[in-house]
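Please open the model and keep it beside this note. The points below can be read in order.

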Amino acid sequence: MTQGTQSSRPARPQSPHFPPHNAPRVWFLTIGSSPIAIALARQVLDHGDYVVAGVVPQEFEKRVGQSEDFRAFLEDVKHNERWRERLRVVGLDGRVVGQCQAAIAEAVEAFGRVDVLLGNTSEAVIGAVEELAQSSQTITLVQDTFETNFFANVNIIKAVLPTMRERKNGHIIMLTGITGHLGTPGLAMYCSSQWAIEGYCDSLAYEIAPFNIKMSIVQANMEVNVLTNKMTSVPPMREYLQAENPAPLARDIFSNLLDKLDRVNNPLPYPEEKSPTDSISTPSPDATIHEPSIGDLLSSDTVTSLYAPLPSVVKTSLVAETVHALTAIGGHDNPPARHIVGLEGVTAVKEKLKTTSEELEDFVEVSNAVDIARQYDQSAMASHDT
């Protein structure tokens, strides 16, 4: 997948593959209501592990966001005795430090420990950098993006570290995207928050390694994280419309994807056979009126938030590769520090690394032209010789 042209090709669901372990593990999922978390929880519970699922209390109580999907999952759990005794739901808004501490304490009280923490708190803000600076409301959105994508994940990590450190065992998985490797036009703030949490995790990995706590960053395709979480779009500026600016902005990409998903959910009726007179009738004055689509919401003149209307079959296929990666990596004795999900993601990152390497070689002489350490050594040797 290359920047700006990511494919929405669904993945074929794969059977879960868990690493060998001596006892059931306890998984903590920070946003249990997301499609990835629900699919993962089903496989983890079926495998015999335990799950602690965080839900934002306000969303669950008001039945907004993705809470209905989570309620449907809870109904399935209710009718499965084996699952029912292995699942604990906790109220969790990761932006609130106290809730993070209370949720981890409840998990430890229920199941004795937390073996695998999955940080999957994520929201996307869609808009060019200038568009995000148009008003106090859009500027606040930038701050909210970092509160959700960065600080919420930092808070839950800090809450779980003491118990993992005490046991000298644990695995922290941070779910990001290839947007942590690739800048994407129209997703600057989202990419920035991804890079921020990845830099945090990369640094933390060295600090916690002596306590036998592993850290893994799992990078899903861009569409997976954006389409399975809340997305918010800011009003577009004329200068950044595609007619004026040929760069394939994220707004255009996701508008098209939303319209395709909507057509799957609401297929047009098969057109009836027309009579010969229909073909020569005068067009209605309203015939050229464009009916607003769900994709048009991303170009609204007001700040708009929504969840992608994912049909069940699309949802299952969309998250399949990522869930398979999480089951294969979670709790592994020697997990990867960074894992890129899917062939398209691997290809895109390889292209980026190749370009970086080529640019490094093109300007290596400039990099080496002023080598302070080497100059100091030469100066010291010259002084010693005299």
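The points cover a sheet, then charged pairs, then aromatic rings.

1. **What kind of model.** This is a predicted model. Keep that in mind for each point below.

2. **The sheet.** Strands of a sheet pair through backbone hydrogen bonds, either parallel or antiparallel.

3. **One pairing in detail.** Start from S5 and strand S8 (residues 231-233): they pair in the parallel sense, over three bridges. Take Ile126 as an example. Its bridge partner in S8 is Ser233.

4. **Salt bridges across the chain.** The structure holds 15 salt bridges. One of them joins Arg88 and Glu106, with the closest N and O atoms 3.5 Å apart. This pair links distant parts of the chain: Arg88 is in strand S3 (residues 87-91), Glu106 is in helix H5 (residues 97-111), and they are 18 residues apart. Arg88 has 32% relative accessibility, so it counts as partly exposed. Glu106 is partly exposed too, at 29%.

5. **A longer link.** Arg338 and Glu198 meet through their side chains in a salt bridge of 2.8 Å, N to O. Here 140 residues separate the partners: Arg338 is in strand S10 (residues 338-340) and Glu198 is in helix H7 (residues 188-208). Is Glu198 buried or exposed? Glu198 is buried, because its relative accessible area is 4% and buried means under 20%. Arg338 is partly exposed at 28%.

6. **Two further charged groups.** The side chains of Arg113 and Asp115 form a salt bridge at 2.9 Å, N to O. Asp115 is buried, with a relative accessible area of 8%. Elsewhere, salt bridges link Arg63, Glu68 and Arg71 in a network.

7. **Aromatic pairs.** How many aromatic pairs does a search of the whole structure find? It finds five. In one of them, Tyr50 and Phe111, the ring centres are 4.8 Å apart and the planes are at 40 degrees, so the pair is tilted. Tyr50 lies in strand S2 (residues 50-55) and Phe111 in helix H5, so the pair ties together parts 61 residues apart in sequence. Tyr50 is partly exposed at 23% relative accessibility. Phe111 is buried at 15%.

8. Phe60 and Phe70 form an edge-to-face pair, 6.2 Å centre to centre, with 75 degrees between the planes. Phe60 lies in helix H2 (residues 57-62) and Phe70 in helix H3 (residues 67-78), so the pair ties together parts that are 10 residues apart in sequence. Phe60 is partly exposed, with a relative accessible area of 23%. Phe70 is buried at 0%. Ring pairs link Phe60, Phe70 and Phe73 into a cluster.

9. **Charges over rings.** Arg71 belongs to the salt-bridge network with Arg63 and Glu68. Arg71 also lies over the face of Phe60, at 4.1 Å from the ring centre. In another case, the charged end of Arg165 sits over the ring of Phe211, 6.0 Å from its centre.

Technical notes:
Residues are numbered from 1 along each chain as its sequence is written. This is a predicted model: local features need pLDDT of at least 70, side-chain atom pairs count only at pLDDT 80 or more; totals for chains, interfaces and linings use all residues. Side-chain values use heavy atoms; hydrogens and water are left out. Two strands pair if DSSP finds at least two bridges between them. Helices (H or I, at least four residues) and strands (E, at least two) are DSSP runs, numbered from the N terminus. A salt bridge is a side-chain nitrogen of Lys or Arg within 4 Å of a carboxyl oxygen of Asp or Glu. Buried means under 20% relative accessible area, exposed over 50%, partly exposed in between (1.4 Å probe, protein chains only). Rings of Phe, Tyr and Trp (its six-membered ring) pair if their centres lie within 6.5 Å; planes under 30 degrees apart count as stacked, over 60 as edge-to-face and the rest as tilted. A charge sits over a ring if NZ of Lys or CZ of Arg is within 6 Å of the ring centre and within 35 degrees of the ring normal.
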